[in-house]
Amino acid sequence: MAERLRFLPAGSNAMLVELDDLETTLALLDGLQAGRPEGVFELVPAARTLLVSFDTLTTNRTALVQAISSIDLSHRSSRQGETFEVPVAYDGEDLNDVADLLGWSADELIRHHTEATYTVAFTGFAPGFAYMTSDDPALDVPRRKSPRVRIPAGSVALGGKFGGIYPTDSPGGWQLLGHTPLKTWDISRCRAALLAPGDRVRFRDMAKGATVSLSAAPSQSGTPRLTSNTSGGLLVTRTDRPALFQDLGRPGQAGQGISESGALDRAALAEANLCVGNPRGSAAIEIAYGGFAIRADRPVTLAVTGAPAPTTIRSLDGKTVGAPFGQPFALDAGDELRLEFPPEGTRSYLAIRGGFAVERLLDSAATDTLAKIGPAPIVTGDLLVPASERVSAVDPDRPALAKLPKEGDTATLDVVLGPRTDWFTEKGISTFLTQEWQVTAESSRVGIRLAGAESLEKAVTSELPSEGTSLGAVQVPHTGQPVLFLADHPLTGGYPVIGAIASHHLDLAGQVPIGGKIRFNAIAAFDPFIREPDR
């Protein structure tokens, strides 16, 4: 029997393939992994969709629709894995609310949860986060109307028909039943993710004596801190808020539940590196809202780009001079470089000629704040060690950088509507495109939380099964107030995405400050889009 597929736009360089069920979705994933079409660099499976991200210089939607439509989906693979017993302290904030939703007592909910067998269907959202299906169909509850800003690591939760364990502190909208001391993501283990597709999980109540298996207990190692060494370095003398190492990220790691991450303003990162003769993707320091200073122990060449933070150099004799912005400049031994609060934009980028000596994970030095992987945040007292990467000539004549929005300004961002515009009324779509949205203080590298005078009106109010999300996706939780996903966004989400920021405006989105405003402008995808081809 022919399978039904829908091809939905998901931004400038991605599309969402919707299928009938989880089994068919996994069959398509297997087919694409066995013979991946040229130009496809990321595949994110979910409950009944597959997010396909591609290089627009290599392929296009029409070619991919044809290639995907030719895959035989009648073959169903059998995934077998290990069985884990997970101890749980049933003390979750939503335990009683979930019991009420299901018409049970809290004890009855715990009994159902511990008697069920869960099977890992796919991974996503964050490294180590496994979406698990239950053999008890009664364990099906709606997500929270508004996602929490922070859910503690180890939280055991339900969302729709799925169960899961949050691997790190992160935002999320699932209902919390309790917590486990097990660590589901640990890069010091041979297999960083505790759970993989095909594994089975049985939850055990710690109140009845369940204990932690030593083989699955958290390791004592964490993200390495920067420390001093005999070669010295640049001493960090001020960090009003932690700064981060960033480069162009780690694309292609969705199979491990890892999003791309990387600099929020990639053009600014590249400009900083080109100013000092580095390759454009070298690791630099991303500084949010200024308030940062370093002291050199040797002569170095630096550049600052992105948000134009007032930048000064204070020498050992107490003299202070301004440092040029967007151009290379030198520090002598003992000089201190200071960056203050920028009048526009949010993030400045500091590059050093030859690069920084920083540990890389999966071929990237990017710090992913959601996944908690990559170098530790930079704080006062750290030593930044210069590297000796291959460099070219310093370029003092870089083009002038575009002005960035400041608090109170309105930035217009082009958006490709979809994949879930049909979940909104015409009024809801009109509100999305005509209303100004203010950036709230709850925004971060994970996403920009927006507030508008009028919430987005939905045509569909039922639960959306979890599905892949792309960089720039604008997700709308039950509150009707959108969240614009940035570089450290979760790979999957359970709220409808009304549109995705066009690739040429992603850097600008990362520079809109708290108190700034955003207006969305709908544009067409770059090539004709086929929604439901014949098979």
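Biologist: How many salt bridges does the count come to?

Modeller: Side chains of opposite charge can pair when their charged atoms come close. The count comes to 30 salt bridges, a salt bridge being a side-chain nitrogen of Lys or Arg within 4 Å of a carboxyl oxygen of Asp or Glu. This is a predicted model, in which local features need pLDDT of at least 70 and side-chain atom pairs count only at pLDDT 80 or more, while totals for chains, interfaces and linings use all residues. Residues are numbered from 1 along each chain as its sequence is written, and side-chain values use heavy atoms, with hydrogens and water left out.

Biologist: Which side chain meets R148 in a salt bridge?

Modeller: The partner of R148 is D94, at 2.9 Å from N to O. R148 belongs to strand β8 and D94 to the loop between β5 and α3, 54 residues apart; strands (E, at least two residues) and helices (H or I, at least four) are DSSP runs numbered from the N terminus. R148 is buried at 12% relative accessible area, and D94 is buried at 2% (buried is under 20%, exposed over 50%, partly exposed in between, with a 1.4 Å probe and protein chains only).

Biologist: How is strand pairing read, and in which sense do β15 and β16 pair?

Modeller: Strands of a sheet pair through backbone hydrogen bonds, either parallel or antiparallel. Here β15 and β16 pair in the antiparallel sense over 3 bridges, where pairing requires at least two DSSP bridges. F245 has I285 in β16 as its bridge partner.
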